[in-house]
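Dear colleague,

Please find below the structure that I am handing over to you. My notes on what was found in it follow directly after.

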Amino acid sequence: MPGPASFFVTPIQVTVPNELTSEAELLKFLAVSAAELKKIWWFRSRMYQKFEISKGKEKKRLISAPDHRLKMLQTKIASSLAPIYRPRNPVHGFVDNRSVKTSATAHLRSKFILNLDIEGFFSAITEGRVSGLMSALGIDGRVAEILARICCNEGVLPQGAPSSPIISNMICFRMDKQLQRIAKESRCIYTRYADDVTFSSYQPLTLLFEGPPPPAGNFSPDLLKDGLRGAFRSNGSRSIHRRSTTPTSIRGER
């Protein structure tokens, strides 16, 4: 079922996998009965275990881990979506043969580094956005609704579900394009690893700020160019704040 999907690359023909062409095909692919789907539809929150893990000094990250059955379904959905998603070069998170190391390696020759975190990366992606993404790909509306329902919890994309990484990357596709363009115009390198966004250059990152770049260390994101902040806002990101270091770095913080 080929169809244009400017959400990803323009122009491109996306072939929707057969299992995503109708509700019947999807349920057959997932080996889910109508009765089980109804149970998941209304009681999915009971299928998650929540816990916190440490995310650096004085920071916690909430994990929502699905039970075995739901995890299996989400894994199958992720495998079905994988052939559709074509990651841009700057994306290193949740992509085969890319990692934190490959993301960091892209900036090794840079003298100035700007590192930003996207706050609430997964929880900012609502169930409605996931359903809208699937529909934009040409996936049947009912199927899109079911996919979003199985892959989301409490109205958002849960961190800890195996389907969340690829869906988050697909949601960020337009933002990655915008940030890649800003990096090119600002003569710097851009990479993203999940919620970790990095710009770097051998020259001071003047073109990323409204005024002179602040000294190394934490700073208010309000100092960033409006176009850069707008790229995050227009793609549903609540806010951006700080991150890391080397060798001469600038860190954004709320």
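Glu154 and Lys50 form a salt bridge in this predicted model, with their closest N and O atoms 2.7 Å apart; a salt bridge here is a side-chain nitrogen of Lys or Arg within 4 Å of a carboxyl oxygen of Asp or Glu. The two residues lie 104 residues apart, Glu154 in the loop between α6 and α7 and Lys50 in strand β3 (residues 48-54), and the pair thus links distant parts of the chain. Glu154 counts as exposed, at 55% relative accessibility, whereas Lys50, at 40%, counts as partly exposed. For these terms, buried means under 20% relative accessible area, exposed over 50%, and partly exposed in between (1.4 Å probe, protein chains only). Helices (H or I, at least four residues) and strands (E, at least two) are DSSP runs, numbered from the N terminus.

Two points on conventions apply throughout. Residues are numbered from 1 along each chain as its sequence is written, and side-chain values use heavy atoms, with hydrogens and water left out. As this is a predicted model, local features need pLDDT of at least 70 and side-chain atom pairs count only at pLDDT 80 or more, while totals for chains, interfaces and linings use all residues.

A search of the whole structure finds 12 salt bridges. In another of them, the side chains of Arg61 and Asp195 meet at 3.4 Å, N to O. This pair also links distant parts of the chain, since Arg61 is in strand β4 (residues 60-66) and Asp195 is in the loop between β6 and β7, 134 residues apart. Arg61 is partly exposed, with a relative accessible area of 23%, while Asp195 counts as buried at 13%. Glu185 and Arg181 form a further salt bridge, with the closest N and O atoms 3.3 Å apart. These two are 4 residues apart in helix α8 and are therefore separated by about one helical turn.

As to the overall make-up, the protein has 9 helices and 10 strands. Of its 254 residues, 47% are buried.

Strand β5 (residues 112-118) is largely enclosed by the rest of the structure, because 7 of its 7 residues are buried. Phe112, Leu114, Leu116 and Ile118 point one way from β5, and Ile113, Asn115 and Asp117 point the other way. β5 pairs with strand β7 (residues 196-201) in the antiparallel sense over 6 bridges; two strands pair if DSSP finds at least two bridges between them. Within this pairing, Leu116 stands opposite Val197 in β7.

Helix α7 (residues 164-171) is mostly covered, with 7 of its 8 residues buried. Its cover includes α3 (68-81), α5 (127-136), α6 (141-151), α8 (173-185) and β6 (189-193). One of the buried residues of α7 is Ile167. Leaving aside neighbours within four places in sequence, Ile167 is in contact with Leu81, Val130, Leu133, Met134, Cys151 and Leu157, where contact means heavy atoms within 4.5 Å.

The largest nonpolar core has 65 residues, of which Met134, Ile167, Leu179 and Phe199 touch the most other members. Such a core is a set of buried Ala, Val, Leu, Ile, Met, Phe, Trp, Tyr and Cys residues joined through side-chain atoms within 4.5 Å.

With kind regards
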